[in-house]
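Here is a short briefing on side-chain contacts. The entry comes first, then the points by topic.

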Amino acid sequence: MQCNARKIRFSLPKILIGLLIVVSLYYFINAHAWAKYANFKTKLCRRTDADLAKLVRRVHAVVDVLDSLRVPYLMYGTLWGALRYENPLPWDDDADLGVDGDSLSRIAHEEIAAAFERRGLRIDWSDQYGRYRVYGADEMGEGVDGIDVMPFYEYWRDGWMRRRGIESWMFFINYRYHHTFPARLVQTPPALPRRSFGGRNVSVPREGIEIQRHLYRNDWYRETIPLGC
């Protein structure tokens with residue numbers, strides 16, 4: 001009995017040290033994932049007017065499709081563009097849209113894909129990131145990347161919207177801190193407010209900048225531009 005007790009006493013500090021290392025490493029990975037996203041670099045500080053026009057046309061086309069399925073709303077940097085420029089951010093080459101995941105999940109994937117195909121677009125679903133990526137099948141796709149459409153869910157009916165996907169569970173600290181926001185900002189009815197984006201009114205979350213306070217907790221109050229610009 002004394003021998004077993006001694007082994008337990010000796011192993012307990014090792015277990016605690018091991019847990020501390022695992023927790024520290026996990027936190028570092030989460031923090032690094034956000035830092036890599038936030039401290040981004042771009043090859044161009046301002047896209048050409050032609051490229052921005054293509055991006056706007058792509059966003060409008062995706063919004064048209066999603067409006068027929070479920071009202072989408074601008075998210076992340078694309079929402080910053082609407083709030084500050086009524087256009088994409090000058091350096092953006094992609095766009096982000098959010099949509100109610102519960103409503104979208106009731107529609108068969110084949111039906112969603114067919115709706116995009118009718119507009120000359122194709123979609124790919126990523127289990128890792130928990131989002132659709134929409135690509136253009138004609139000249140709208142030249143010079144710009146895909147449009148990300150991210151379903152958000154009120155999983156626990158606790159008043160908070162969250163992303164799905166493998167990454168969101170593996171890096172839940174990062175996702176809880178930067179990809180979670182109050183459900184009241186996007187729930188319908190009533191209809192969401194609309195904001196000009198590329199010369200056309202598009203749905204956005206309620207309460208103006210409030211959602212950005214949750215998605216960009218450390219710097220929502222100032223404009224962050226790419227490194228080197």
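R133 is buried, at a relative accessible area of 18%. The model is a predicted one. Across the whole structure, a search finds 10 salt bridges. Aromatic pairs number six.

**D148 and its arginine partners**

- D148 and R133 meet through their side chains in a salt bridge, 2.7 Å from N to O.
- D148 belongs to strand β5 and R133 to strand β4, so this pair ties together parts 15 residues apart in sequence.
- D148 also forms a salt bridge with R131, at 3.5 Å from N to O.
- Strand β5 spans residues 147-153 and holds D148, while strand β4 spans residues 131-136 and holds R131, so this contact links parts that are 17 residues apart in sequence.
- D148 is buried because its relative accessible area, 10%, is under the 20% cut-off.
- R131 is buried too, with 14% relative accessibility.

**R213 in helix α8**

- Which residue forms a salt bridge with R213? The partner is E210, with the closest N and O atoms 3.4 Å apart.
- Both R213 and E210 lie in helix α8, residues 210-215. They sit three residues apart, about one turn of the helix.
- R213 counts as partly exposed, at 36% relative accessibility.
- Elsewhere, salt bridges with shared partners join D64, R119 and R200 into one network.

**Charges over rings**

- The charged end of R213 also sits over the ring of W220, 4.4 Å from the ring centre.
- R84 lies over the face of W80, at 3.8 Å from the centre of the ring.

**Aromatic pairs**

- The structure has six aromatic pairs.
- W220 is partly exposed at 24% relative accessibility, whereas Y221 is exposed at 55%.
- Y153, Y155 and W156 are linked into a cluster by ring pairs.

**R58 in helix α2**

- R58 lies in helix α2, which covers residues 49-69.
- Is R58 buried or exposed? R58 is buried, with a relative accessible area of 1%.
- R58 and A95 are 37 residues apart in sequence. In space, their C-alpha atoms are 9.0 Å apart.

How values were computed:
Residues are numbered from 1 along each chain as its sequence is written. This is a predicted model: local features need pLDDT of at least 70, side-chain atom pairs count only at pLDDT 80 or more; totals for chains, interfaces and linings use all residues. Side-chain values use heavy atoms; hydrogens and water are left out. Helices (H or I, at least four residues) and strands (E, at least two) are DSSP runs, numbered from the N terminus. Buried means under 20% relative accessible area, exposed over 50%, partly exposed in between (1.4 Å probe, protein chains only). Rings of Phe, Tyr and Trp (its six-membered ring) pair if their centres lie within 6.5 Å; planes under 30 degrees apart count as stacked, over 60 as edge-to-face and the rest as tilted. A charge sits over a ring if NZ of Lys or CZ of Arg is within 6 Å of the ring centre and within 35 degrees of the ring normal. A salt bridge is a side-chain nitrogen of Lys or Arg within 4 Å of a carboxyl oxygen of Asp or Glu.
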